[in-house]
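Visitor: I would like to learn how to read the packing of helices, the salt bridges and the nonpolar core in a model such as this one. Could you take me through them in turn?

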Amino acid sequence: MKFEMLDSYLLDGTPSKGDLVRALLKSKVGGPSAAPFYAGLESLGSKAPDLALIALRLVLAGKKADDASVVRLRELTERVRAKGPDEAAARGDYHREVG
């Protein structure tokens with residue numbers, strides 16, 4: 001399963017969070033483990049925190065969305081968005097994490 005739109009938002013800030021949330025709610029994938037995240041997105045819409053989207057991305061990848069994993073992925077997304085010298089390395093690490 002591919003999650004380009006979610007990855008694109010988390011890494012590059014596009015599409016808008018509102019467009020992303022609408023698309024995610026339209027295509028709810030991931031089964032019961034993802035259901036609480038979708039419930040949160042339904043309640044909060046575009047006000048949902050990015051950490052919830054990061055946790056959902058982990059769950060959709062079949063990973064645990066524990067604190068350490070969410071923090072690690074958040075750090076990687078922040079490094080990519082900062083467009084610094086380690087952007088490419090952080091992007092590669094992100095994709096390996098959600099493999």
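This is a predicted model: local features need pLDDT of at least 70, side-chain atom pairs count only at pLDDT 80 or more; totals for chains, interfaces and linings use all residues.

Visitor: What describes two packed helices?

Guide: Two packed helices are described by the angle between their axes and by the distance between those axes. In this structure, the axes of α5 and α6 come within 8 Å and cross at roughly 145°, and α5 passes α6 in a left-handed crossing. From α5 the contact draws on R72, L73, L76, T77, R79 and V80, while α6 contributes E87, A89, A90, R91, D93, Y94, E97 and V98. Divided by class, the residues of this contact are 7 nonpolar, 1 polar and 6 charged.

Visitor: In which sense does α1 pass α6, right-handed or left-handed?

Guide: The crossing of α1 with α6 is right-handed. The axes of helix α1, residues 4-12, and helix α6, residues 87-98, come within 12 Å and cross at roughly 145°. On the α1 side the contact is made by D7, L10, L11 and D12, and on the α6 side by R91, Y94 and H95, a set that comprises 3 nonpolar, 1 polar and 3 charged residues.

Visitor: Which residues are joined with K83 into one network?

Guide: The side chains of E87 and K83 also meet in a salt bridge, at 3.6 Å from N to O, and salt bridges that share partners join D12, K83, E87 and R91 into one network. Another salt bridge is formed by the side chains of D93 and R72, at 3.9 Å from N to O; this pair links distant parts of the chain, with D93 in helix α6 and R72 in helix α5, 21 residues apart. R72 is partly exposed, with a relative accessible area of 29%.

Visitor: Is L76 buried or exposed, and what is it in contact with?

Guide: L76, which is found in helix α5, counts as buried because its relative accessibility is 0%, and buried means under 20%. Leaving aside neighbours within four places in sequence, L76 is in contact with A90, D93, Y94 and E97. The C-alpha atoms of L76 and L10 are separated by 9.6 Å, although these residues are 66 apart along the chain.

Visitor: In the largest nonpolar core, which residues touch the most other members?

Guide: That core has 26 residues, and L6, L24, L41 and L53 are the ones that touch the most other members. The elements giving two or more residues to it are α1, α2 (17-26), α3 (35-44), α4 (50-60), α5 and α6, with the largest share, 7 residues, coming from α4. For L53, leaving aside its neighbours within four places in sequence, the contacts are L6, Y9, L10, K17, L20, L24 and L41.

Key. Residues are numbered from 1 along each chain as its sequence is written. Side-chain values use heavy atoms; hydrogens and water are left out. Axes are lines fitted to C-alpha atoms, for helices over the stretch in contact, and angles run from 0 to 180 degrees between N-to-C directions. Helices (H or I, at least four residues) and strands (E, at least two) are DSSP runs, numbered from the N terminus. A crossing is left-handed if the near helix is turned anticlockwise from the far one by less than a right angle, and right-handed if clockwise. Contact means heavy atoms within 4.5 Å. Ala, Val, Leu, Ile, Met, Phe, Trp, Tyr, Cys and Pro count as nonpolar, Asp, Glu, Lys and Arg as charged, and the others, Gly among them, as polar. A salt bridge is a side-chain nitrogen of Lys or Arg within 4 Å of a carboxyl oxygen of Asp or Glu. Buried means under 20% relative accessible area, exposed over 50%, partly exposed in between (1.4 Å probe, protein chains only). A nonpolar core is a set of buried Ala, Val, Leu, Ile, Met, Phe, Trp, Tyr and Cys residues joined through side-chain atoms within 4.5 Å.
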